[in-house]
Amino acid sequence: EELITMETLNAVLPSALQPQTLFIKYVQALMENPLRTKIATSVTISAVGNVVAQKAIQKRKTLDGYSILKFATAAAVSTTLVHFWYKITDPVFKTRPGTKWIIARVLLDQTLMAPITNSLFFIIMAVMDGRPDTIPVALKTRLLPQLQVYWRLWPIAQFINYSYIPPLFRILFINLVGFFWSIALAARNRPKLN
């Protein structure tokens, strides 16, 4: 079995679709319009994660387009929030290198931002389902169990993010981890079909 090399890939793909060209275009888009690029990336990855969850986990024969829209909307809102969170926290922690400050930043994320972003997920789902009256019950009964699952993955992901990922690519890294998280959310928060 022959492995695909970069040379082989570059030979068969038009130059606009070659990985290094796409990466350069992505970086340029991040530099020119960071928030819009981050939102577009997040929405795309979340939507693909929802499709994977519907097909692979829930075994749906037809896709629920409205579910994809709800998850994409939640991704757009949380990405916007995290973008500005990083704009606030990056300068504070940039001057404080070292593991103890990375741990402090992760703790801040997990105690402040995690409840906010997870609450927003339930709020967006309820509002888009036309059921804003269910928000208090969802927050009371489902938020803590969801956070307990969240805290199994995200502190480690954020530690890696703050330790090794350049600031320009932190939301992209979170989006890639979020791909699997969105599959888990879709699996946990959508009814199974018989």
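These legends describe close-up views of a predicted model. Local features need pLDDT of at least 70, side-chain atom pairs count only at pLDDT 80 or more, and totals for chains, interfaces and linings use all residues. Residues are numbered from 1 along each chain as its sequence is written, and side-chain values use heavy atoms, with hydrogens and water left out.

**View 1. The chain is built from seven helices and zero strands.** The order from the N terminus is α-α-α-α-α-α-α. Helices (H or I, at least four residues) and strands (E, at least two) are DSSP runs, numbered from the N terminus. Of the 194 residues, 40% count as buried. Buried means under 20% relative accessible area, exposed over 50%, and partly exposed in between (1.4 Å probe, protein chains only).

**View 2. Helix α4 crosses helix α5.** α4 spans residues 65-94 and α5 spans residues 99-128. Their axes come within 10 Å and cross at roughly 155°. The pair is therefore roughly antiparallel. Axes are lines fitted to C-alpha atoms, for helices over the stretch in contact, and angles run from 0 to 180 degrees between N-to-C directions. Angles under 35 degrees count as roughly parallel, over 145 as roughly antiparallel, 65 to 115 as roughly perpendicular, and the rest as oblique. The crossing of α4 and α5 is right-handed. The contact of α4 with α5 holds 21 nonpolar, four polar and four charged residues. Ala, Val, Leu, Ile, Met, Phe, Trp, Tyr, Cys and Pro count as nonpolar, Asp, Glu, Lys and Arg as charged, and the others, Gly among them, as polar.

**View 3. Helix α5 also crosses α6.** The two axes come within 7 Å, at a crossing angle of roughly 145°. The contact of α5 with α6 comprises 21 nonpolar, eight polar and three charged residues.

**View 4. P115 sits in helix α5.** P115 is partly exposed, at 22% relative accessibility. L139 is 24 residues away from P115 in sequence. Their C-alpha atoms are 9.9 Å apart.

**View 5. One cavity of 30 Å³ or more is found in the whole structure.** The largest cavity has a volume of about 560 Å³. Its lining counts 32 residues. S78, T117, W154, I174 and W181 lie nearest the centre. The elements giving two or more residues to this lining are α3 (34-57), α4, α5, α6 (135-164) and α7 (170-189). α5 gives the most, with nine residues. By class, the lining has 19 nonpolar, 12 polar and one charged residues. A cavity is a set of points, on a 1 Å grid over the protein atoms alone, where a 1.4 Å probe fits but cannot get out; lining residues have an atom within 4 Å of a point. Grid points are joined across faces, edges and corners, and a volume is the space filled by probe spheres set on the points.

**View 6. I183 of helix α7 is shown with G49.** I183 is buried, with a relative accessible area of 11%. I183 and G49 are 134 residues apart along the chain. Their C-alpha atoms are separated by 5.1 Å.

**View 7. K59 lies in the loop between α3 and α4.** Most residues other than glycine have a negative phi. Phi of K59 is positive, near 55°. K59 counts as exposed, at 59% relative accessibility.

Notes. Left-handed = near helix turned anticlockwise from the far one by under 90°. 1 Å grid on protein atoms, 1.4 Å probe; cavity = no way out; pocket = protein on both sides within 12 Å on 5 of 7 lines; lining within 4 Å.
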